[in-house]
Amino acid sequence: MEPCVEVEDRGAVRIIAINRPEVRNAINMAVLVGMQQAIREAEAAGTVRALVLTGRGGAFSGGADVKEWADKLSGIDPYPDRDWVDEASRLVAAVFRLAIPTIAMIDGAAVGAGLDMALACDFRIASERAKFICAYTRVGYPPDCGGSWLMPRLIGIEAAKMFAYTGESWSAAKAAAAGLVGEVVAAEALEARTMELAGRLASGPTIAIGLTKRLIDSADRRSLLEQQVEEQRAGRICARTEDHAEGLAAANERRQPRFSGR
């Protein structure tokens, strides 16, 4: 039996993919457990400098595996000590907190918790055939994995409310126009474009990028003066890195820097 989560390294870029194409990569508990483990391993590896999240077989993720939910109500539960919403929320938070750059490579449907996982990434690149559905209100339920926090930061409060309240399906073009995704490409170009960006990010100054990510993601909690203090703290950390020394040397020698991520 093939694993429901696949991990592949391409240089300093790690790809983590949901591998349940027969059910549009629906998220069951095994996927949640596997994805969380894969995220932890990527974080601990030290050699992974950019991360791509995706789904196999023409879908990013169709959201929660409602069949597993029905089985649980019938008494069939291989994970009796785990709560699906808790685990899904932990996964989305883990993706958001990663210090390395993250890209969601989206082909086909990104629905519900699958969409939330994509929203937690730094960047989203979609194929022309991608579609996006918040989905929760379609079953009389509110967002529960972090989407209500992530969406307004990308598309604004009013657009997020409309998207969530109506449960409507957005095409890749509409998602891009709203700011939900950053780029739309032809399906056959999706992987190449995603890996191009991932490779570029992975070759950057990893520590500086991670601190920049933290500064931007937390800036709304601070005043300008408080943010400047945090920037200076981050700067003192970067000043001690090999990448900073290399960046200065490259600038003085008028060449492209060769960052090592250290």
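Student: Which residues of helix 9 meet helix 10?
Tutor: In this predicted model, I207, A208, L211 and L215 of helix 9 are in contact with Q227, E230, E231, A234, I237 and C238 of helix 10.

Student: How does that contact divide by residue class?
Tutor: The contact of helix 9 with helix 10 comprises seven nonpolar residues, one polar residue and two charged residues.

Student: At what angle do helix 9 and helix 10 pack, and how far apart are their axes?
Tutor: Helix 9, residues 206-218, and helix 10, residues 224-238, pack at an angle of about 165 degrees. Their axes are 10 Å apart. That angle makes helix 9 roughly antiparallel to helix 10.

Student: Is the crossing of helix 9 and helix 10 left-handed or right-handed?
Tutor: Helix 9 passes helix 10 in a right-handed crossing.

Student: Now helix 5 and helix 6. How do their axes cross?
Tutor: The axes of helix 5 and helix 6 (residues 157-166) cross at roughly 130 degrees and come within 7 Å. The two helices are therefore oblique to each other. Their crossing is right-handed.

Student: Which residues make up that contact?
Tutor: From helix 5, M151, P152 and I155 meet I157, A159, A160, F163 and A164 of helix 6. By class, the contact of helix 5 with helix 6 has eight nonpolar residues, no polar residues and no charged residues.

Student: T166 is in helix 6 as well. Is T166 buried, partly exposed or exposed?
Tutor: T166 counts as partly exposed, because its relative accessibility is 40%.

Student: What does T166 touch beyond its sequence neighbours?
Tutor: With neighbours within four places in sequence left aside, T166 is in contact with T137 and K161. The C-alpha atoms of T166 and C134 are separated by 8.7 Å, and these two residues lie 32 residues apart along the chain.

Student: Which residues lie on each side of strand 3?
Tutor: A50, V52 and T54 are on one side, and L51, L53 and G55 are on the other. Both faces are covered, and all of these residues are buried.

Student: How many bridges join strand 2 to strand 3?
Tutor: Six bridges join strand 2 (residues 13-18) to strand 3, and the two strands run parallel. Within this pairing, I15 has V52 of strand 3 as its bridge partner.

Student: And strand 4 with strand 6, parallel or antiparallel?
Tutor: Strand 4 (residues 102-106) and strand 6 (residues 123-127) pair in the parallel sense over four bridges. I106 stands opposite A126 in strand 6.

Student: What about the sheet of three strands?
Tutor: That sheet is open, has the order 5-7-8 and shows mixed pairing. Strand 5 (109-111) and strand 8 (169-171) stand at the edges with a single partner strand each, so one side of each has no neighbour in the sheet.

Student: How does strand 7 pair with strand 8?
Tutor: Strand 7, residues 131-133, is joined to strand 8 by three bridges, and the two run antiparallel. F132 stands opposite W170 in strand 8.

Student: L115 also touches F132. Where does L115 lie?
Tutor: L115 lies in helix 4, residues 113-119. L115 counts as buried, because its relative accessibility is 1%. Not counting residues up to four places away in sequence, L115 touches A110, F132, I133, C134, F163 and L180.

Key
Residues are numbered from 1 along each chain as its sequence is written. This is a predicted model: local features need pLDDT of at least 70, side-chain atom pairs count only at pLDDT 80 or more; totals for chains, interfaces and linings use all residues. Side-chain values use heavy atoms; hydrogens and water are left out. Two strands pair if DSSP finds at least two bridges between them. Axes are lines fitted to C-alpha atoms, for helices over the stretch in contact, and angles run from 0 to 180 degrees between N-to-C directions. Angles under 35 degrees count as roughly parallel, over 145 as roughly antiparallel, 65 to 115 as roughly perpendicular and the rest as oblique. A crossing is left-handed if the near helix is turned anticlockwise from the far one by less than a right angle, and right-handed if clockwise. Contact means heavy atoms within 4.5 Å. Ala, Val, Leu, Ile, Met, Phe, Trp, Tyr, Cys and Pro count as nonpolar, Asp, Glu, Lys and Arg as charged, and the others, Gly among them, as polar. Buried means under 20% relative accessible area, exposed over 50%, partly exposed in between (1.4 Å probe, protein chains only).
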